[in-house]
Each structure stands twice: as C-alpha cells, then as structure tokens.
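These notes are for a colleague who is opening this structure without having seen it before. The points can be read in order, with the structure beside them.

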Amino acid sequence: MMQQPPRLLVIILNYRTAEMTLRAAEAALADMPQTHAELVIVDNDSGDGSAALLAQEIAARGWGAGNRVRLIASPRNGGFGAGNNLAMRAGMSDGAAPDFVHVVNSDAFLDRGCIGTLLDHLQNHPRAGMAGSHVRGEDDLPHATAFRFPSAAGELEAAARLGPLTRLLSSAVVAPSLPEEAAEVDWVAGASVMMRWDMLAEIGLFDEAYFLYYEETDLCLRAARAGWDCWYVPQARCVHVGSVSTGMKEWRRMPRYWFDSRHRYFAKNHGRAYAALATCARLAGGGLHRLRCLLTGRQPEDAPGFYRDLAAHALTARRAAPAVQDPSRSPATEDR
C-alpha cells in the first residue's frame with residue numbers, strides 16, 4: 001500500500017498587517033504541497049478591519065476552495081504563542097491533527113522549495129522535533145536565526161561587546177556564526193520554523209504566558225529536555241522584513257513585555273536565583289561597554305534607558321511570585 005503524504009498545517013499570524021500577510025500567504029501557497037496541506041491565517045484581534053479584509057481576499061482569490069486556506073479570528077490578542085496555539089488546536093479542516101506544523105511570520109516570504117526541504121529533513125531525522133529556515137532580509141543579508149540557549153555568561157558577553165571576553169566565553173555566545181550546512185542547534189527563530197506534531201503532543205504548545213519574545217526559545221528548551229532535536233536547515237530559505245507587527249525598529253525604549261518575557265524564561269527554566277544572576281551579568285556587561293565607550297569616545301549601542309529599565313524590572317520581579325506554571329498544555333493538546 002502506498003504511504004499517504006504527511007499532513008501539513010501552515011500558520012500565519014496577522015496583527016494589523018493584512019496586506020503583508022496576504023503576500024506571505026501567497027508565497028506559502030505557491031510552495032505548499034498540492035494535497036494534505038492547509039494554511040490557517042489567524043487574525044490576532046487586530047481591531048483595524050484586518051479580519052474583514054482577509055476574509056474578503058481569501059474568497060476573492062478562491063483560496064478557500066477545499067479548505068485550502070482558512071481564517072480564524074481570535075477574540076483577543078494574547079500574543080505570538082497564543083495566536084499560533086489557536087490554529088494548532090484547531091488542527092486540519094477535518095478536525096484531525098497534522099503531522100507537521102509550519103509557523104511562518106506575516107512578514108516572511110518563503111522561497112520555492114523551502115517547505116519541501118524542511119519536510120524532507122524532519123522525515124529523514126525521526127528525533128528532529130523542529131527545523132528552522134535560513135532567513136535573509138530584503139537587502140539579501142542573512143539574519144541571525146540559529147542560536148544557543150541564553151545563559152548568564154551569554155548575557156555578560158552580549159552586553160560587553162569586548163573581543164577578548166567574547167573569545168573567552170565563545171561557547172556561551174548566543175548568536176554564533178550561521179552554519180553553512182544543516183546542523184543541530186539549541187533553538188531557531190520563529191520567522192519560519194516547522195515542527196513535528198508528535199513532539200508538540202508530548203511537550204505542549206507555546207507557553208502563552210509569554211506575550212512576545214522568548215516563546216520559541218522556551219519551546220525549544222522544553223523539546224531539548226524531552227530528547228527532541230532542533231535543526232537549522234540553510235537550504236530552506238525565506239525573506240523576512242522583520243518587526244513589522246511589533247514596530248520594534250521604531251522603538252525608543254524596550255517595552256515591558258520584553259523584560260517580562262526575558263525574566264520568565266530565566267526564572268521558569270533555571271530558577272529565580274539564576275534569573276537574578278543573569279540580570280547582574282547583563283548589567284555588568286553593560287557597564288563594561290559604557291566604560292569602553294567613555295574611554296574611546298564611541299556611542300553606546302544600547303537603547304536609551306535600557307539598563308535602568310532592566311534594573312527596575314528586576315527589582316519588581318523579585319517582589320512578585322515566580323510564574324512557573326506552563327499554560328501551553330491543555331486538554332485539546334493532550335487529546336490530539
């Protein structure tokens with residue numbers, strides 16, 4: 001008997017970027033297998049008419065035929081993880097679970113062959129729980145998308161930006177040089193990442209206590225602790241504009257939810273004492289960077305008020321009860 005192709009669910013999360021989401025959907029559809037593959041667009045409670053526009057365009061372009069494309073309107077904006085979880089819990093159009101889930105950002109445009117390459121890699125590596133793409137900007141420059149897990153040493157190195165310290169702490173550098181061939185890494189960015197459903201059924205979905213940032217890092221760490229591998233696959237390529245939904249490029253200061261997510265990652269996965277150590281390391285590295293800038297006349301590279309905000313958040317977090325419960329698991333996850 002001929003083996004049935006794997007069932008693939010592609011997810012694009014929209015938040016006030018309907019036109020770009022349609023571009024991302026068009027690129028994904030052009031690369032998706034013709035059978036056993038569906039695309040779900042989740043409007044994350046945009047409140048700007050995005051859901052109506054997306055529904056109109058899906059119908060006008062004939063994408064909804066055979067449930068090839070579905071739109072889910074979330075009743076709330078719970079962040080990146082919650083929006084993607086909504087689509088994953090919905091599953092395929094017939095209610096069954098997919099074999100693989102491909103999360104694609106609304107500002108990421110898949111090259112031809114990206115999906116097939118990721119699918120092949122996961123099918124050829126049974127313990128591969130997830131595989132991430134090579135991501136480049138519109139200027140054709142590669143983005144850092146293959147990482148080591150954050151650590152106190154990594155926080156010190158990243159903040160200090162000192163060559164001798166980087167060489168000393170080379171094994172803790174969070175964003176090392178990108179591998180030229182497929183390689184196992186600690187975690188990959190969520191702009192284009194394909195995941196195995198068997199892994200998600202075992203470890204749970206995204207932790208929805210992260211509104212934005214660190215949620216994919218947390219998921220990869222949980223996967224690694226359960227014995228699943230994470231791969232960076234440079235032959236699977238896409239273009240990523242970056243920070244369109246979040247407006248990060250225009251930020252004058254880091255928003256509180258970034259600090260919340262960072263603290264949750266360290267406290268949940270390593271304990272509150274280690275979270276405090278990581279913050280101290282980041283502050284110490286920032287101090288070294290500022291001292292070097294003072295001595296050389298260079299401009300500091302950190303956002304205005306970053307270390308003041310980081311210290312203030314750390315003091316607030318110390319007085320709060322540690323948030324260690326992981327809401328990513330649910331009966332819907334268990335049942336599939």
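1. The side chain of Asn-77 makes a polar contact with the side chain of Asn-44, at 3.0 Å. A polar contact is a pair of N or O atoms within 3.5 Å; within protein, one must be able to donate a hydrogen and the other to accept it, and residues adjacent in sequence count only if both atoms are side-chain atoms. The side chain of Asn-77 also reaches the backbone nitrogen of Gly-79, at 3.1 Å.

2. The model is predicted: local features need pLDDT of at least 70, side-chain atom pairs count only at pLDDT 80 or more, and totals for chains, interfaces and linings use all residues. Residues are numbered from 1 along each chain as its sequence is written, and side-chain values use heavy atoms, with hydrogens and water left out.

3. Asn-77 sits in the loop between β3 (69-73) and α3. Helices (H or I, at least four residues) and strands (E, at least two) are DSSP runs, numbered from the N terminus. With a relative accessible area of 27%, Asn-77 is partly exposed; buried means under 20%, exposed over 50%, and partly exposed in between (1.4 Å probe, protein chains only). Apart from neighbours within four places in sequence, Asn-77 is in contact with Tyr-15, Asn-44, Asp-45 and Phe-211, where contact means heavy atoms within 4.5 Å.

4. Asp-45, one of the residues in contact with Asn-77, belongs to the loop between β2 and α2. Asp-45 is not a glycine, yet its phi is positive, at about 55°. Its relative accessibility of 36% makes Asp-45 partly exposed. His-36, in the loop between α1 and β2, is another residue other than glycine with a positive phi, near 60°. His-36 is partly exposed, at 28% relative accessibility.

5. Which residues of helix α3 are buried? They are Phe-80, Gly-81, Ala-82, Gly-83, Asn-84, Asn-85, Ala-87 and Met-88. Helix α3 spans residues 80-90 and is mostly covered, with eight of its 11 residues buried. Just after α3, Gly-91 has a positive phi of about 70°.

6. Glu-38 is part of strand β2 (residues 37-43). At 10% relative accessible area, Glu-38 is buried. Its side chain makes a polar contact with the side chain of Arg-70, at 3.2 Å. Beyond four places in sequence, the residues in contact with Glu-38 are Leu-8, Leu-9, Val-10, Met-32, Asn-67, Arg-68, Arg-70, Met-92 and Ser-93.

7. His-240 belongs to strand β11 (residues 229-240). A relative accessibility of 12% means that His-240 counts as buried. The side chains of His-240 and Asn-105 make a polar contact at 3.4 Å. Not counting residues up to four places away in sequence, His-240 touches Asn-105, Asp-107, Ala-108, Val-135, Arg-136, Gly-137, Glu-138, His-143 and Ala-191. The C-alpha atoms of His-240 and Val-104 are separated by 9.8 Å, although these residues are 136 apart along the chain.

8. Two helix pairs come next. Two packed helices are described by the angle between their axes and the distance between the axes. The axes of α1 (residues 18-31) and α2 (residues 50-60) come within 10 Å and cross at roughly 35°. Axes are lines fitted to C-alpha atoms, for helices over the stretch in contact, and angles run from 0 to 180 degrees between N-to-C directions. In this contact, Ala-18, Glu-19, Thr-21 and Leu-22 of α1 meet Ser-50, Leu-53, Leu-54 and Glu-57 of α2.

9. Helices α5 (residues 152-160) and α10 (residues 272-296) pack at about 20°, with axes 7 Å apart. The angle makes α5 roughly parallel to α10; angles under 35 degrees count as roughly parallel, over 145 as roughly antiparallel, 65 to 115 as roughly perpendicular and the rest as oblique. On the α5 side, the contact is made by Ala-152, Glu-155, Leu-156, Ala-159 and Ala-160. The residues on α10 include Tyr-274, Leu-277, Ala-278 and His-289.

10. Thr-279 is also in helix α10. Thr-279 is buried, at 7% relative accessible area. Leaving aside neighbours within four places in sequence, Thr-279 is in contact with Arg-262, Leu-310 and Ala-314.
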